[in-house]
Amino acid sequence: MKVMVAVKRTIDANVKVRVKADGTGVETANVKMAMNPFCEIAVEEAVRLREANVATEVVAVSAGPQAVQETLRSALAIGADRAIHVQTDALLQPLGIAKLLKAVAAKEQPRLIILGKQAIDDDNNQTGQMLAALLDWPQATFASKLKIEGDSAEVVREVDGGLETLAVSLPCVMTTDLRLNEPRYASLPNIMKAKKKPIDALTPEQLGVDVSPRLKVLKVEEPTKRKGGVKVADVAELVTKLRSEAKVIG
Ligand code: AMP
């Protein structure tokens with residue numbers, strides 16, 4: 001069973017994100033970039049499936065400019081067997097990415113496609129769902145546990161009220177939640193080995209996909225600064241402040 005994993009290069013999760021002065025987006029110049037954390041979980045899960053002899057090959061796919069090859073190298077260092085870079089400098093949105101992934105899936109014929117549940121930069125949480133719809137495959141989103149048995153997958157999902165267990169037939173699309181696994185650190189030997197693994201290049205034109213944006217970002221703003229808290233002397237003062245200043249009680 002071949003597993004395809006979609007990985008996105010995003011601003012490193014430990015970096016404080018800054019909005020560009022002109023409000024057109026967030027600053028990415030000279031900012032540390034890394035693989036989206038949910039995508040790391042996706043790669044880890046796919047590699048575990050291969051290590052358990054459930055998957056035969058893990059193919060990592062990323063769309064974006066030349067720099068996404070670094071992210072693909074990280075996926076190869078975690079243990080993916082090979083990678084595909086869909087090269088484009090165009091602004092990509094979830095629908096365009098889902099169309100690209102669909103076209104790559106048509107070439108690769110995976111039985112399972114794993115994506116992160118969301119990219120921590122745009123927080124769209126759309127690509128996996130759109131991909132499943134375009135492929136007309138079942139989907140299991142926000143997975144916190146996965147078990148493949150024959151031609152189906154049992155997926156435990158984190159939902160508001162608790163956990164939901166789904167059985168989906170393969171091929172299917174799955175998106176990862178935080179508690180699915182803890183991704184390993186790539187060891188130095190594996191980082192070295194990853195340098196020799198192949199990264200194939202494709203373009204949206206070769207895949208016959210139009211990635212032109214369907215949405216226009218009007219403005220990006222910093223969240224309003226939180227006011228500092230105050231210490232109150234006693235309950236009576238707290239109640240007075242809640243009534244007269246915060247106006248949350250009558
Ligand atoms: P989003 O819908 O933007 O929140 O992204 C959800 C998931 O879609 C990510 O965790 C990735 O698995 C995948 N994805 C998003 N953008 C890309 C990209 N440029 N290349 C490959 N996969 C992507």
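This note covers a helix, a loop residue and a strand residue in a predicted model.

1. Basis. Local features need pLDDT of at least 70, side-chain atom pairs count only at pLDDT 80 or more, and totals for chains, interfaces and linings use all residues. Residues are numbered from 1 along each chain as its sequence is written, and side-chain values use heavy atoms, with hydrogens and water left out.

2. Helix α4. This helix spans residues 127-135. Helices (H or I, at least four residues) and strands (E, at least two) are DSSP runs, numbered from the N terminus. The buried residues of α4 are T127, G128, L131, A132 and L135. Buried means under 20% relative accessible area, exposed over 50%, partly exposed in between (1.4 Å probe, protein chains only). These residues sit on the same side of α4, because their arc around the axis is only 135°. The arc is taken from the directions from the helix axis to the C-beta atoms.

3. The buried residues of α4 pack against α3 (94-108), β6 (112-116), β7 (139-149) and β10. D136 follows α4 and has a positive phi, near 60°.

4. S144. This residue lies in strand β7. S144 is buried, at 11% relative accessible area. Beyond neighbours within four places in sequence, S144 contacts V156, R157, E158, L163, R179 and L180. Contact means heavy atoms within 4.5 Å.

5. A186. The loop between β10 (172-176) and α5 (188-194) holds A186. A186 counts as partly exposed because its relative accessibility is 30%. Its C-alpha is 5.1 Å from that of I78, 108 residues apart along the chain. Leaving aside neighbours within four places in sequence, A186 contacts A77, I78 and I191.
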